[in-house]
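Me: I would like to go through a model feature by feature. Please give the general idea each time, then the case at hand.

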Amino acid sequence: LTSILIHENTLFGMGNPLLDISAVVDKDFLDKFGLKPNDQILAEDKHKALFEEIVKRSKVEYHAGGSTQNSVKIAQWMIQKPHKVATFFGCIGTDRFGEILKKKAEEAHVDAHYYEQNEEPTGTCAACITGDNRSLVANLAAANCYKKEKHLDLDSNWELVEKAKVYYIAGFFLTVSPESILKVAKHASDNNKIFCMNLSAPFISQFFKEPLMKVMPYVDILFGNETEAATFAKELGFETDDIAEIAKKTQNLPKDNAKRQRVVVFTQGKDDTVATVGRVTMFPVLDIDQNDIVDTNGAGDAFVGGFLSALVQEHALEECIRAGHYSANVIIRRVGCTFPEKPDFH
């Protein structure tokens, strides 16, 4: 494939930077903190000690995480060169974990510009691994402290936003700074650039429906999985649980920039990905032996990352989906959202 020359800062991401702390634990550990073997929750007071305890374990692995940061990191990995095609904004603390995040972003060649504050520590996500399962407990902490006027609005930072052509923000960030999302989304729409968003989790459609629907008119590409799509449809009263029908109805929601038709992409694990490419089309995922699956956790983020890497190179949507399927297939064979040195994608 001939690729167009991509410039630095072409892809812009904003979200919750979290340091993933993963360790193998036993069932007693899960029971002690009332965790399910496979789950994603936000930390409560009763989980405070969990973070202290997991760090003391013998083999702890640290990875730069957080949904949006994972996706832009994978997009950068798929692109390889030039470095710093991806920009990332988010809030961290002035502490050791914040330093690790900066180092990890640099190693991934992502141009991270964090808003650093010292009131809250850097956000973390504990991944408690038991066998094939992992229970995730996210403590947003600093990630929750992102301030539009203290970071996004600064000229030097806003210039990076203006340099971008493709924007991606996971729905999780709606719980932190919807006004930041709107500012970026409106900029994209006014300048006929591509703004992408993710439904991220059922609780976003359920409890943050108002900010989500405020941004929706500016969304050019919407991602989600089958569970999130079903919850979204229910919240909007679509009265259907047919995923193709939900995609169609979502595509037809009001849209600000009429120059681009909205594209809706719903992944369904091992089942076909559903996308509104012209009409609703099904795209089969790559075959994988169940025994080769190590951890499906970063699969959604990885799919988006692969998709974005082709999108910034102005490839057709079918090609973007193929790239998304490839990167998701690589990620599920490994623990955490990690990848080999180079992709093998042609």
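Reply: Start with strand pairing: two strands pair if DSSP finds at least two bridges between them. Strands (E, at least two residues) and helices (H or I, at least four) are DSSP runs, numbered from the N terminus. This is a predicted model, in which local features need pLDDT of at least 70, side-chain atom pairs count only at pLDDT 80 or more, and totals for chains, interfaces and linings use all residues. Residues are numbered from 1 along each chain as its sequence is written, and side-chain values use heavy atoms, with hydrogens and water left out.

Me: In what order do the 9 strands of the open sheet run?

Reply: The order is β6-β5-β1-β9-β10-β11-β12-β13-β14, with mixed pairing. At the edges are β6 (111–117) and β14 (279–283), each of which pairs on one side only. From one strand to the next the twist averages 15°; axes here are lines fitted to C-alpha atoms, for helices over the stretch in contact, and angles run from 0 to 180 degrees between N-to-C directions.

Me: How many bridges join β11 to β12?

Reply: There are 5, in the parallel sense, with β12 covering residues 263–268. F223 has V265 in β12 as its bridge partner. Strand β10 (residues 194–198) also pairs with β11 in the parallel sense, over 3 bridges. There, M197 has L222 of β11 as its bridge partner, and C196 stands opposite I221 in β11. In general, side chains of a regular strand alternate between the two faces of the sheet.

Me: How many of the residues of β11 are buried?

Reply: Buried means under 20% relative accessible area, exposed over 50%, and partly exposed in between (1.4 Å probe, protein chains only). By that rule 4 of the 5 residues of β11 (221–225) are buried, and the strand is mostly covered.

Me: What should I look for in the backbone angles?

Reply: Most residues other than glycine have a negative phi, and most peptide bonds are trans. N9 has a positive phi of about 60° although it is not a glycine. N9 sits in the segment before β1 (11–14) and is buried at 2% relative accessible area. Q80 likewise is not a glycine and has a positive phi, of about 70°. Its place is the loop between α3 and β5, and Q80 counts as partly exposed at 24% relative accessibility. In the loop between α3 and β5 (86–93) lies P82, and the peptide bond from K81 to P82 is cis, with omega near 0°.

Me: Which residues lie nearest the centre of the second largest pocket?

Reply: Rolling a probe the size of a water molecule over the atoms shows where empty space is left. On a 1 Å grid over the protein atoms alone, a pocket is an open set of points with protein on both sides within 12 Å along at least five of seven lines, whereas in a cavity a 1.4 Å probe fits but cannot get out; lining residues have an atom within 4 Å of a point. Nearest the centre are W77, E107, A108, H109 and F339, out of 18 lining residues. The pocket holds about 480 Å³ of space, where grid points are joined across faces, edges and corners and the volume is that filled by probe spheres set on the points.

Me: Which element gives the largest share of that lining?

Reply: That is α3, with 3 residues.
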